[in-house]
Number of protein chains: 2
Amino acid sequence: MLIGELAERAGTSTRTLRYYEAHGLVRPQRSANGYRVYDEAELRVVREIRALLDVGFGLDDVRPFVACLRAGNASGDVCPDSVQVLRRKLAEVDDYLGRLGAVRQQLHAQLTHAIAHREETCPRKRASAP
Amino acid sequence: MLIGELAERAGTSTRTLRYYEAHGLVRPQRSANGYRVYDEAELRVVREIRALLDVGFGLDDVRPFVACLRAGNASGDVCPDSVQVLRRKLAEVDDYLGRLGAVRQQLHAQLTHAIAHREETCPRKRASAP
DNA sequence: CCTTGCCTTGACGCTGACGACAAGGTTTAG
DNA sequence: CTAAACCTTGTCGTCAGCGTCAAGGCAAGG
């Protein structure tokens, strides 16, 4: 499988695949003419990467999962390093959820306060160019 | 008040104040030697900006609040444009809270699954440089 | 031979809110 | 005279994950 096919099958771009490779996450073979050649296992790897990035992981966080898959496991989650990252990320998400909840409350308070204290001393809309 | 004093009183840097000015949020006077001169009102403006940025607003979102303050209101929140931004931001935060909650659940599921299915087929730790 | 359609490396652009310099002017204190 | 401590404009760097050319090589069909 060449890079274009993998990109399409994984739902991403060739640029992205080369980017992952530059960061050590994907390791294609090379054919005689220098083309990158991928096997089916790499497709799973790329999908794993995409799934984790979608959830908010960074490339560095993804590495253990890729290594875990490469080690022959059915899931990239089952290795100690992966579990450690999962724990950390869960904690980060919880923390962020907390702060975001606080922000939400503050916004809600500001909004209700603003609606209660409507005033008319407000700036005129500036007209667009003539 | 010169830029250094304002920066200290507002808890930011001079670089930040010049940045805000470049984006039209702060309008200092100029003294004879070309120095920026700020009054007390600008201090309130800068504090408003900082407060909103801390909550996750972008500079563009902040503009209506600054204009509202400049129009003579005690709070930057009470003008229609500000209220509109507050509503939009609240909606954005709610949306994000929803997706982040889903992510949290997925992470939790992955984690419990991973712990249940521990396997030993995992990559060896690579040693550090000799 | 020429076009089409893959592939290669390389390098700059983007978003946002600044940090970190560089190179120079001004004012005050000693 | 000079050093210190302000100020000025201008420009480049940062973080992340790519998008978007640019310039060229290789393979196959007509």
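Biologist: How do the residues of the surface near DNA strand D divide into nonpolar, polar and charged?

Modeller: This is a predicted model, in which local features need pLDDT of at least 70, side-chain atom pairs count only at pLDDT 80 or more, and totals for chains, interfaces and linings use all residues. Residues are numbered from 1 along each chain as its sequence is written, while chains are lettered from A and ligands numbered from 1 in the order in which they are written. With Ala, Val, Leu, Ile, Met, Phe, Trp, Tyr, Cys and Pro as nonpolar, Asp, Glu, Lys and Arg as charged, and the others, Gly among them, as polar, the surface has six nonpolar, seven polar and four charged residues.

Biologist: Which residues of α5(A) make the contact with α4(A)?

Modeller: The axes (lines fitted to C-alpha atoms over the stretch in contact) of α4 (residues 59-70) and α5 (residues 80-116), both of chain A and both DSSP runs of H or I with at least four residues, come within 8 Å and cross at roughly 150°. That makes α4(A) roughly antiparallel to α5(A) (an angle over 145 degrees, on a scale from 0 to 180 between N-to-C directions). In the contact (C-beta atoms, placed from the backbone, within 7 Å), A:Asp61, A:Pro64, A:Phe65 and A:Cys68 of α4(A) meet, from α5(A), A:Asp81, A:Ser82, A:Val85 and A:Lys89.

Biologist: In chain A, which residue has the C-alpha nearest the axis?

Modeller: Chain A is superposed on chain B by a rotation of 180° with 0.0 Å of shift along its axis (RMSD 0.1 Å), fitted by least squares on C-alpha atoms of residues with pLDDT of at least 70 in both. That is the relation of a two-fold axis. In chain A, the C-alpha nearest this axis, 3.5 Å from it, belongs to A:Leu97.

How values were computed: Helices (H or I, at least four residues) and strands (E, at least two) are DSSP runs, numbered from the N terminus. Angles under 35 degrees count as roughly parallel, over 145 as roughly antiparallel, 65 to 115 as roughly perpendicular and the rest as oblique. Two residues are in contact if their C-beta atoms, placed from the backbone, lie within 7 Å.
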